[in-house]
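Here are my notes on the fold. Please read them against the coordinates.

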Amino acid sequence: MSLRRPVLAAVATLALVGAAGCSANSVLDLTVGDCLNQSDLEGDEVSSVEAVECSEEHDAEIFAEHEFTGDSYPGLTAVREESEEVCADKFEEFIGVPYLESELYFTMLYPSEQSWDDADDRTTLCIVLSEEPMTGSLEGAAI
């Protein structure tokens with residue numbers, strides 16, 4: 001699939017976080033419906049993200065996930081391409097308009113070879129991004 005709009009991506013990696021009192025979640029614990037802030041998704045590799053209540057101000061929301069199968073890591077290019085295709089398809093189901101027609105963007109957290117091997121991570125998370133802070137969900141927003 002060739003998208004004309006940019007897709008931002010971060011590799012989900014496993015890291016042990018030992019900060020007492022920190023409310024950040026391992027990316028491996030995030031699920032569809034979790035709300036986030038884009039600032040927590042910055043960088044080439046993301047290992048922990050603070051999920052926020054969707055009723056609180058946020059600018060990102062996990063709208064879909066994709067599970068890979070197989071024992072061997074298929075390679076970064078294959079993981080990214082398959083993740084991008086799945087997220088673009090599920091974007092329209094969630095938002096209500098095709099990705100190429102939307103004002104919104106998405107990013108992905110997908111498994112690295114390290115998290116695949118060390119943590120049995122096979123999941124890509126698709127995350128819709130809003131330029132403006134919001135409360136509630138973007139499901140069915142049709143923008």
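1. Strand β8 is largely enclosed by the rest of the structure, because nine of its twelve residues are buried. Buried means under 20% relative accessible area, exposed over 50%, partly exposed in between (1.4 Å probe, protein chains only). Strands (E, at least two residues) and helices (H or I, at least four) are DSSP runs, numbered from the N terminus.

2. This is a predicted model: local features need pLDDT of at least 70, side-chain atom pairs count only at pLDDT 80 or more, and totals for chains, interfaces and linings use all residues. Residues are numbered from 1 along each chain as its sequence is written, and side-chain values use heavy atoms, leaving out hydrogens and water.

3. β8 pairs with β6 in the antiparallel sense over eight bridges. Pairing requires at least two DSSP bridges between the strands. Glu-67 stands opposite Thr-123 in β8. β7 also pairs with β8, antiparallel over five bridges. There, Thr-107 stands opposite Ile-127.

4. What covers the buried residues of α1? β6 (58-67), β7 (105-111) and β8 (123-134) are included. The buried residues of α1 include Val-79, Phe-91 and Ile-95. Just after α1, Gly-96 takes a positive phi of about 105°.

5. The largest nonpolar core has 21 residues; Phe-63, Phe-91, Ile-95, Phe-106, Val-128 and Leu-138 touch the most other members. Such a core is a set of buried Ala, Val, Leu, Ile, Met, Phe, Trp, Tyr and Cys residues joined through side-chain atoms within 4.5 Å. α1 gives the most to this core, with six residues. A second, separate core of twelve residues includes Leu-30, Ile-62, Ile-127 and Leu-129.

Conventions
Contact means heavy atoms within 4.5 Å.
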